Amino acid sequence: MVITFGQNNFHPSQNFFLAAGRHIKATDMIQPVVEQLVRLQRGIQAFDATTGRKIVICGGLVMGTGDNPAASDLCAHSWQSNRPCRVCLFNKKNVASYVDVYQSAAARSLAGTRNASSTQREELGMKTKLTAFYELPGVNPHLDWVYDVLHGALLGYVKYLWKATINDNEVKKDLEALALLQETNNGDFAHRLNSKQIVSWNGSFVGKDFKYLIQVWPLTLIAFYGRFNDVSESIRRITRLWGLAGALTVLLYQTEITDIDAWSDSISKTSRGLIELWSTQWGLDDLKNKTKFHHLAHLGMWAKRFGPTIVGSAETNEAANKRIRRHLSLSNRQAGSRDLANKLATAQGIQFLAQEGIWKVSKDAVTMTRPGSALRELCRVPEVRDLVGLSNSGSQAKADVLFHIRKNDVIQSISGHLIKSRYGLDCILQSEYFLFSRFRLADARLGLGKVSSFVGTGEAILRVACILRESMSRIGFLVAEIFEEVSIPESTLEKQVKRYRSGRQYKLLQLSAIQTLLNVQHACCPGCKIKENHRNAFRREREWIAGDKWVHTESIDEWIVNPYVLR
């Protein structure tokens, strides 16, 4: 297909590639970027291939993302100075109590920073030379670098809390038992840590490890130390700290905020409680020297400017590092940026063709072209689109979870009268069913774990006993066990969660009735303990390795629901 167009439809500098090297700083790339942003603000002429008309594209810089050192460098802030906050004039030398850490100091003025002398900038914790972002209209470098959940939360207060916890003398002696307990209870997470990693490699965790820990460690502490009546005050504070950190992380990972004032109030109370209790447990040294604690005071401001804090997370960008390295040639990498540019340019070109893109044949040509019909048909095949990294938007995931059961799961035929005698449910007595047990399954909306998975339908808490599918109609439904809420005394460690007990009653549920998957922990009692010499691994030499395993007592069928799971 050939399209005629004017020679001035395209700007010759429409494509850019910024190379990064060992001796190149981020600030060295600011000037050319700012020049193009200014040009974009004024308007860039382009060609719309859909309408065949010229258009003008306008835009501007809304916000920037990055870890704290990078954000400070890009806004000419000295993050290692006595005023380590790029938003306000917080001075760590003046911290006398937790209130000084939690409260926001006087806000930095954009005009004041621009008009200040070199000496005054140094006193304010700024560098003597400002970056070109201060010349960009409509941009406030002090406020427009949004909070990064990865570096501020997971690699911030969660990492600090983890290190302080495992170095605590009371927790240290129970670390192996705690590690075995969490491994037993949390087999349904896509990424998880085993007991060996927690005991031996706890100093080398990365962001995804801390994301797992903040979801499971609060309830692990509650389940383990909740067995005893004489828990020390230090353990109670540490458990409460993990609960506050977990609740704060859940708020930060919300993808939608319906009431910004209520959300900001919850963030404020939770972060204040975390900082106050931390100062009681471990003092002020970490609080005043770690700026990430003070940044919690500005979360409400960032959310009101940019929406949910998760939009500024660098998790996706950081996760791309391993894919970028795979594109680099396996050489001495003397020209790493060139190798990467060639690889990524080729990959982008393939995607451009697969998306039926239109391009200019040559620099001086007056026509445009697009892929042929055979190539277009090939690139519409779902497998081909997956291969080149494109989504299949037209295909819908199947909603019936029964299609996703693994082939090696236990499946048996069962009649209606056996269902009634086993579960007390009213089924068609003459009908035949397929019974699925010891399964793992998933559908487009949620992931159910093993057969003991807990699900929620409104306020009810249910445990999936099995899945039934009627032989003739192939209609599937769940056999779910109903749980009743148990009152928890205020003096126990479990007061921050909800506890449920099996009612020994069952009900049938349509698959569409399930609203959410619940992560639960067994409400451990003194009978729950470590079982030694348990065969827990299988070597290549076909020999079993004996190790320890946490075993729950079967006499207690009570569970505590985990409110810290990130959705």
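A: The buried residues of H12 are covered by elements including H3, H6, H11, helix H13 (285-289), helix H14 (291-294) and H15. This is a predicted model. The residues of H12 that count as buried are Trp-263, Ser-264, Ile-267, Thr-270, Ser-271, Gly-273, Leu-274, Ile-275, Leu-277, Trp-278, Ser-279 and Gln-281.

Take the geometry next. H12 has 23 residues. From its first C-alpha to its last, H12 reaches 32 Å, close to the 33 Å expected at 1.5 Å a residue. The N-terminal end of H12 is capped by Asp-259. There, a side-chain oxygen of Asp-259 lies 3.2 Å from the backbone nitrogen of Asp-261. At the other end, Gly-283 follows H12. The phi of Gly-283 is positive, near 85 degrees.

Now the core. The largest nonpolar core has 81 residues. Tyr-147, Tyr-157, Trp-162, Ile-198, Leu-213, Trp-217 and Tyr-225 touch the most other members. Helix H12 (260-282) supplies at least two residues of this core. So do helix H3 (98-102), helix H6 (149-166), helix H8 (175-185), helix H10 (207-225), helix H11 (233-252) and helix H15 (299-306). H10 gives the largest share, twelve residues.

Leaving aside residues up to four places away in sequence, Ile-198 touches Trp-162, Leu-175, Ala-179, Gln-182, Leu-193, Phe-205, Leu-213 and Trp-217. Another core, of 17 residues, lies apart from the largest one. Among its members are Val-34, Met-126, Ala-132 and Phe-133.

Eight of its eleven residues are buried, so H8 is largely enclosed by the rest of the structure. The buried ones are Leu-175, Ala-177, Leu-178, Ala-179, Leu-180, Leu-181, Gln-182 and Asn-185.

Next, a loop residue. His-77 sits in the loop between helix H2 (68-74) and H3. His-77 counts as buried because its relative accessibility is 0%. Not counting residues up to four places away in sequence, His-77 touches Ser-72, Arg-83, Pro-84, Cys-85, Arg-86, Arg-108, Gly-125, Met-126 and Lys-127.

Turn to the strands. Strand E12 (residues 476-486) is mostly covered, with eight of its eleven residues buried. Strand E11 (residues 460-470) runs antiparallel to E12, and eight bridges join the two. Val-464 stands opposite Ala-480 in E12. Strand E13 (residues 498-510) is also antiparallel to E12, with ten bridges between them. Here Glu-481 has Tyr-506 of E13 as its bridge partner.

Step back to the whole chain. The chain has 21 helices and 18 strands. Of its 567 residues, 43% count as buried. Among contacts between residues at least 6 apart in sequence, 64% join residues at least 24 apart.

Last, confidence. The mean pLDDT of the chain is 82, and 83% of its residues reach 70 or more. Over residues 1-14, pLDDT stays under 50. The model has 26 contacts beyond four places in sequence for residues 1-14. Residues 394-400 also have pLDDT below 50, with six contacts beyond near neighbours in sequence. Where pLDDT is low, the predicted coordinates should not be read in detail.

Methods
Residues are numbered from 1 along each chain as its sequence is written. This is a predicted model: local features need pLDDT of at least 70, side-chain atom pairs count only at pLDDT 80 or more; totals for chains, interfaces and linings use all residues. Side-chain values use heavy atoms; hydrogens and water are left out. A nonpolar core is a set of buried Ala, Val, Leu, Ile, Met, Phe, Trp, Tyr and Cys residues joined through side-chain atoms within 4.5 Å. Buried means under 20% relative accessible area, exposed over 50%, partly exposed in between (1.4 Å probe, protein chains only). Helices (H or I, at least four residues) and strands (E, at least two) are DSSP runs, numbered from the N terminus. Contact means heavy atoms within 4.5 Å. pLDDT is the predictor's confidence in each residue, from 0 to 100. The expected span of a helix is 1.5 Å times one less than its number of residues. A polar contact is a pair of N or O atoms within 3.5 Å; within protein, one must be able to donate a hydrogen and the other to accept it, and residues adjacent in sequence count only if both atoms are side-chain atoms. Two strands pair if DSSP finds at least two bridges between them.
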